[in-house]
Number of protein chains: 2
Amino acid sequence: MNLDMIEAAAARMAGHVRHTPLLNAPLLDRLVGRRVFVKAECLQITGSFKARGGWSAVSALSPEARKRGVIGYSSGNHAQGVAYAAAAHGAPCVILMPSDAPGVKIANTRAYGAEVVLYDRATEDRDAIGARLSADRGLTLVKPYDDPQVIAGQGTVGLELAQQAAEAGITQAPVFVCCGGGGLSSGIALALQARATGLQVRTAEPVGFDDMARSLAVGARQRNPALSGSICDAILTPSPGELTFPILGRLAGPGAVVSDAQALQAMALAFTHLRIVLEPGGAVALAAALFGEGLPDTVIAVATGGNVDPAIFATVLERSA
Amino acid sequence: MNLDMIEAAAARMAGHVRHTPLLNAPLLDRLVGRRVFVKAECLQITGSFKARGGWSAVSALSPEARKRGVIGYSSGNHAQGVAYAAAAHGAPCVILMPSDAPGVKIANTRAYGAEVVLYDRATEDRDAIGARLSADRGLTLVKPYDDPQVIAGQGTVGLELAQQAAEAGITQAPVFVCCGGGGLSSGIALALQARATGLQVRTAEPVGFDDMARSLAVGARQRNPALSGSICDAILTPSPGELTFPILGRLAGPGAVVSDAQALQAMALAFTHLRIVLEPGGAVALAAALFGEGLPDTVIAVATGGNVDPAIFATVLERSA
């Protein structure tokens with residue numbers, strides 16, 4: 001993994017994946033007592049940063065592999081990213097999704113043209129199912145984070161962020177990133193190491209699913225005790241990735257952990273002050289940036305996704321009204 | 001009014017007012033059967049395009065005038081735009097707002113440091129009250145639309161749009177713009193006339209407040225029968241502006257008219273597919289682009305603002321869930 005791979009991914013996705021804005025709001029800054037900049041990946045095509053990794057991986061395949069097709073497993077955002085990229089490349093696409101994934105994510109993945117196969121998150125092993133389907137049909141497995149081309153694709157967020165931070169005059173800041181397996185966090189960390197040395201990645205996770213924070217603290221990969229039980233469905237992974245963890249162990253600061261209630265409050269503040277729609281798992285980094293203690297006067301958060309069922313968002317609004 | 005004034009306004013606001021993205025979504029395009037591009041001014045500082053006109057007008061004042069201060073009247077978006085610009089220029093700021101303006105807009109205007117004076121939209125004449133306050137305190141009145149510097153500021157949306165459309169390969173398209181007094185529509189029309197001749201402004205208004213559409217149809221300024229009664233609070237003006245109407249009469253296509261229900265449906269689709277927060281008056285142009293008949297295969301809508309009370313947005317989500 002190196003900067004060249006990230007730059008090559010950026011070149012392959014030009015015109016197909018969006019450069020997202022770095023937002024901020026004076027009234028939000030005043031409310032929390034620091035400047036909070038938000039990289040709005042919820043505005044990305046397919047509603048999350050996953051379109052980057054999906055495009056990077058599918059576009060790197062040989063013509064023969066594309067023709068056979070791809071398979072991905074995902075609670076919904078990686079699903080849509082891979083499905084979008086596969087459709088654009090004319091590649092057949094199978095997506096393995098947990099049966100408790102938000103309805104909007106399942107529906108959208110099908111709308112992008114993918115074949116969706118559902119599994120039980122608590123009792124079935126998605127890796128085993130994915131490997132079997134992959135072997136049966138000659139599909140190439142596009143893993144959600146432990147894949148060099150996926151990490152390179154997500155790293156393009158870091159290239160944009162380095163440039164946008166420089167334009168905003170930001171030279172020193174923690175960059176909170178919503179973290180599941182660590183694909184986005186590690187990609188951004190690699191890009192920032194090369195392009196903006198004053199910006200340091202800090203992973204953000206929900207309480208009870210803080211495997212990355214604990215792994216970083218002890219210097220070895222730790223597992224979560226449960227596989228479900230947080231509203232932050234997008235980032236509930238069993239443990240840090242094999243490829244991603246060494247990168248973050250070398251480059252990231254300590255991991256932040258926030259409550260589901262803080263994630264929901266961050267969604268409400270993003271609604272009011274930034275006018276963007278975030279899903280719970282996509283608001284965890286913003287929650288860390290807003291509610292963390294002992295932070296410097298300028299912080300950055302990557303708001304990773306906005307694919308949320310209307311009923312859940314309505315609940316957030318009713319609490320904040 | 002000419003392109004030079006718009007370009008000068010763009011130069012004065014650089015670094016203070018945001019370039020907003022032009023968004024689109026494959027699944028939304030498929031749903032409506034045409035390509036719909038959305039200029040997301042809800043992501044603008046202060047949550048609407050009004051920060052542009054406010055900044056343009058305040059930054060064009062003499063140092064002496066700035067020191068005495070400014071006054072604006074507005075249902076809330078112009079209020080916040082002028083308040084934001086005034087605070088940044090160290091200018092005292094009085095804002096005259098209708099007493100039925102959304103709570104979030106009144107609160108935010110105060111949070112930007114402005115003194116808010118409330119009036120009754122149905123029985124009081126805001127122009128008269130504004131003129132009196134202006135005379136009493138030596139304040140400069142920044143009108144919401146019938147002011148050359150305000151029109152020039154709003155016209156910067158058109159400069160960005162011309163460039164973004166060219167980058168997206170769009171050479172011919174109607175550009176629907178939410179229309180109150182016509183400041184934004186006329187500014188954009190002037191910019192597009194110079195920079196993107198294949199793009200033509202079409203105003204969009206709510207049913208019952210279609211003064212601009214009727215005025216364009218008959219070639220003379222018409223008034224609305226009522227001053228309140230639509231959920232689209234941001235764009236309920238009595239009649240087209242004196243300065244704005246001749247520009248639109250020369251450059252705009254026929255005006256579009258949408259129902260409140262269509263505006264609310266556009267808000268729900270923007271939530272699901274674009275992950276942006278729109279207020280009802282800010283969604284009228286998108287509604288025209290989504291639900292209009294006989295439109296070409298590519299259309300553009302300017303989504304003008306996203307300052308909406310959470311309770312109203314929750315209602316929109318519950319209907320769409």
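Covering here goes by contact, that is, C-beta atoms, placed from the backbone, within 7 Å. Helices (H or I, at least four residues) and strands (E, at least two) are DSSP runs, numbered from the N terminus.

Before going on, the ground rules. This is a predicted model, in which local features need pLDDT of at least 70 and side-chain atom pairs count only at pLDDT 80 or more, while totals for chains, interfaces and linings use all residues. Residues are numbered from 1 along each chain as its sequence is written, and chains are lettered from A and ligands numbered from 1 in the order in which they are written.

A residue counts as buried with 20 or more other C-beta atoms within 10 Å of its own, as exposed with 12 or fewer, and as partly exposed in between; the C-beta atoms are placed from the backbone. Just after the helix, Gly219(B) has a positive phi of about 80°.

Next, strand β2 of chain B, residues 35–40. Six of its six residues are buried, so the rest of the structure largely encloses β2(B). In a regular strand, side chains alternate between the two faces of the sheet. In β2(B) both faces are covered, with Arg35(B), Phe37(B) and Lys39(B) buried on one side and Val36(B), Val38(B) and Ala40(B) buried on the other.

What does β2(B) pair with? Two strands pair if DSSP finds at least two bridges between them. With β1(B), residues 22–23, the pairing is antiparallel over two bridges, and Leu22(B) has Lys39(B) as its bridge partner. With β10(B), residues 298–303, the pairing is parallel over six bridges; there Val38(B) stands opposite Ala301(B).

For the whole sheet I will switch to chain A. The order is β1-β2-β10-β7-β8-β9, an open sheet of six strands with mixed pairing. At its edges stand β1 (22–23) and β9 (256–258) of chain A, each with a single partner strand, so one side of each has no neighbour in the sheet. Further in, β7(A), residues 173–178, pairs in parallel with β10(A), residues 298–303, over three bridges, and Val175(A) has Ile300(A) as its bridge partner.

The other sheet I will describe in chain B. It is open, has four strands in the order β5-β4-β3-β6, and pairs in parallel. β5 (115–119) and β6 (140–142) of chain B are the edge strands, each pairing on one side only. Neighbouring strands are turned by 25° against each other on average, direction ignored. Helix α5(B), residues 77–88, packs on this sheet, touching β3, β4 (93–98) and β6 of chain B, and its direction makes about 170° with that of β4(B). Axes are lines fitted to C-alpha atoms, for helices over the stretch in contact, and angles run from 0 to 180 degrees between N-to-C directions.

**One loop residue**

Gln44(A) sits in the loop between β2 (35–40) and α3 (50–59) of chain A. Is Gln44(A) buried or exposed? It has 24 C-beta neighbours inside 10 Å and therefore counts as buried. Leaving out residues up to four places away in sequence, Gln44(A) touches Val17(A), Arg18(A), Thr20(A), Phe49(A) and Ala51(A).

**Whole chain and dimer**

Chain A has 14 helices and 10 strands. Of its 321 residues, 60% count as buried.

Now the two chains together. A 180° rotation with 0.0 Å of shift along its axis superposes chain B on chain A, RMSD 0.0 Å. The two copies are thus related as by a two-fold rotation axis. The superposition is by least squares on C-alpha atoms of residues with pLDDT of at least 70 in both copies.

How many residues of chain B are in contact with chain A? There are 25, against 25 residues of chain A. α14(B), residues 310–320, is among the helices that each supply at least two, and α14(B) gives the largest share, seven residues. Finally, 100% of the interface residues of chain B are also interface residues in chain A, so the copies meet through the same surface.

Definitions and conventions. Contact = placed C-beta atoms within 7 Å.
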